[in-house]
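Q: I would like a close look at one part of this model, the ligand site and the domains around it. Could you walk me through it?

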Amino acid sequence: MTEPINAFTMAQSQFDNVAKMLSLDPQISEMLRWPTREFKFMIPVTMDDGSIRVFFGYRIQHNDARGPCKGGIRFHPSETLDTVRALAMWMTWKTAVADIPLGGGKGGVAVDPASLSVTEQERLVRGWIDQIWRNIGPRQDVPAPDVGTNPRMMGWMMDEYSKLVGEYTPGMITGKPVGGGGSLGRKEATGYGLIYTVREAMKHLGIDSTKSVAAIQGFGNVSQYSAIGFKEILGGKVACVSCWDHADRAPFTISHPDGVDPYFLQTITDIYGSIDKEKGHNAGYTIEDGDAWITKEADVLIPGALEGQINAETIKNISDRVKLVAEGANGPTTPEADEVFKQNDIFMIPDFLCNAGGVTVSYFEGVQNDMNYYWTRDEVLSRLDTTITKAFNSVVEMAESEKVYMRDAAYMVAIAKVVKAMELRGWM
Ligand code: NAD
């Protein structure tokens, strides 16, 4: 067994590596390798049986040189200060590489939301806002959903915040339900954004997308729409997806010899992205252990669950056929595994470029909230395609001109933008 990776150590080491390549001033590096502000707070929640349970919440604001901090709120049992710090830092690079005028932040609570009733969830999310509302807002820091949180929770958070500040403030959070200040196209934005980057990468590598096969980890928001997009936009086949089993407290992989049907799987998946194993089995699907997804004969690997999943151990089992990795999740590849991809010339679409579709449409949601005028789904997705394709091309150009790995190139593009904004604001 390998030690679980500390995501923040990994985020700092990726940054340090590129800071060295760029010969970045050590004083600027020091300002960028740490979050600007960190909040940790207690949230006492009255449970349905009348008892009080204490949860711990976080909000980390990494950098706001380019605009208000932006990033999701994760509800996951293994959430720690360091995972939130790493995710906040990656958000800074993500908004910069996508060239949207926002900074980086992230929040979380160490909890398995599936273990709470809906009313307990509502008290927990309202409690999260009660603790942090003075330090977030449309011009300070704008949260959004992430693993374990959903549009309904964002609606409750917006309502709680609006009550506290005394005015309807939809722009304080994104990923809200459509009809409640949300944007059309937001739910599919991250998965489709990922597929737009895969489409561009395939053009670049000369791969016929209609003959390609993908293996996907996860079946939550990101992976569901990546699977749908892989089939519908690219015309490829999805060999398998995987997910977490709440009852067994372990992940599993689900596959079908003809490729999975993501629309069918959605009908047997709960709101946390867990597929009903028995219904899958009855429909002719094969169930294997959680790591089996990475062993499939696929051209494209899409890790779309959690950080640290492609590591020194699991990478030993990837097929020789893999040509492309599209990181749907944040930080899914450890530095050891990254080195193997680099050595084997496997094309990497790094997380903060690959999954920037979500934050891009979140930004569009904020813009629509400010205008109080809403675009059609096609308008949102076409703007998303333009933004993501431009971001992908800027990273490929950097990789080619500097002759560097795609992850390093993405860091170079992002760091240059953040440093320029810090200079323009007279921070150094
Ligand atoms: P989600 O909660 O909707 O889905 C997570 C999925 O991962 C579920 O299917 C769950 O069963 C599965 N899972 C959990 N642990 C697993 C394990 N050990 N092995 C296999 N599967 C496991 O979350 P999401 O919103 O799809 O986010 C997934 C990843 O993408 C996270 O890293 C998140 O930070 C990142 N991300 C999300 C968005 C977004 O807009 N939702 C945007 C950018 C990045």
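How far apart do the C-alpha centres of domain 1 and domain 2 lie?

A: Happy to take you through it. Please keep in mind that this is a predicted model, in which local features need pLDDT of at least 70, side-chain atom pairs count only at pLDDT 80 or more, and totals for chains, interfaces and linings use all residues. Residues are numbered from 1 along each chain as its sequence is written, and side-chain values use heavy atoms, with hydrogens and water left out.

The C-alpha centres of domain 1 and domain 2 lie 26 Å apart. The protein chain is divided into domain 1, residues 34–183, and domain 2, residues 187–354, with bounds that come from an automatic or database domain assignment. Between them, 16 residues of domain 1 are in contact with 12 residues of domain 2, where contact means heavy atoms within 4.5 Å.

Now to the ligand. Each of domain 1 and domain 2 gives at least three residues to the shell around the ligand. There are 27 residues around the ligand, and Arg74, Thr190, Trp244, Gly273 and Asn330 come nearest; a residue is near a molecule if one of its heavy atoms lies within 4 Å of it. By type, the shell holds 10 nonpolar, 13 polar and four charged residues. Here Ala, Val, Leu, Ile, Met, Phe, Trp, Tyr, Cys and Pro count as nonpolar, Asp, Glu, Lys and Arg as charged, and the others, Gly among them, as polar.

A backbone N or O atom of Gly273 lies 2.7 Å from an oxygen atom of the ligand, while for Gly148 the corresponding distance is 3.3 Å. Ala305 likewise has a backbone N or O atom 3.3 Å from a ligand oxygen atom. On its own the ligand has 830 Å² of accessible area, and the protein covers 92% of that, using the Shrake-Rupley method with a 1.4 Å probe. Two or more residues of the shell come from each of helix H6 (186–205), helix H7 (221–232) and strand S7 (237–245), and S7 gives the largest share, three residues. Helices (H or I, at least four residues) and strands (E, at least two) are DSSP runs, numbered from the N terminus.

Val142 counts as buried at 6% relative accessibility; buried means under 20% relative accessible area, exposed over 50%, and partly exposed in between, with a 1.4 Å probe and protein chains only. Neighbours within four places in sequence aside, Val142 is in contact with residues including Arg59, Cys69, Lys70, Ile173 and Thr174. Its C-alpha atom is separated by 28 Å from that of Val198, 56 residues away along the chain.

Not counting residues up to four places away in sequence, Asp408 touches Asn17, Val18, Met21 and Lys342.

Note on methods. Polar contact = N/O pair within 3.5 Å; in protein donor to acceptor, adjacent residues only side chain to side chain.
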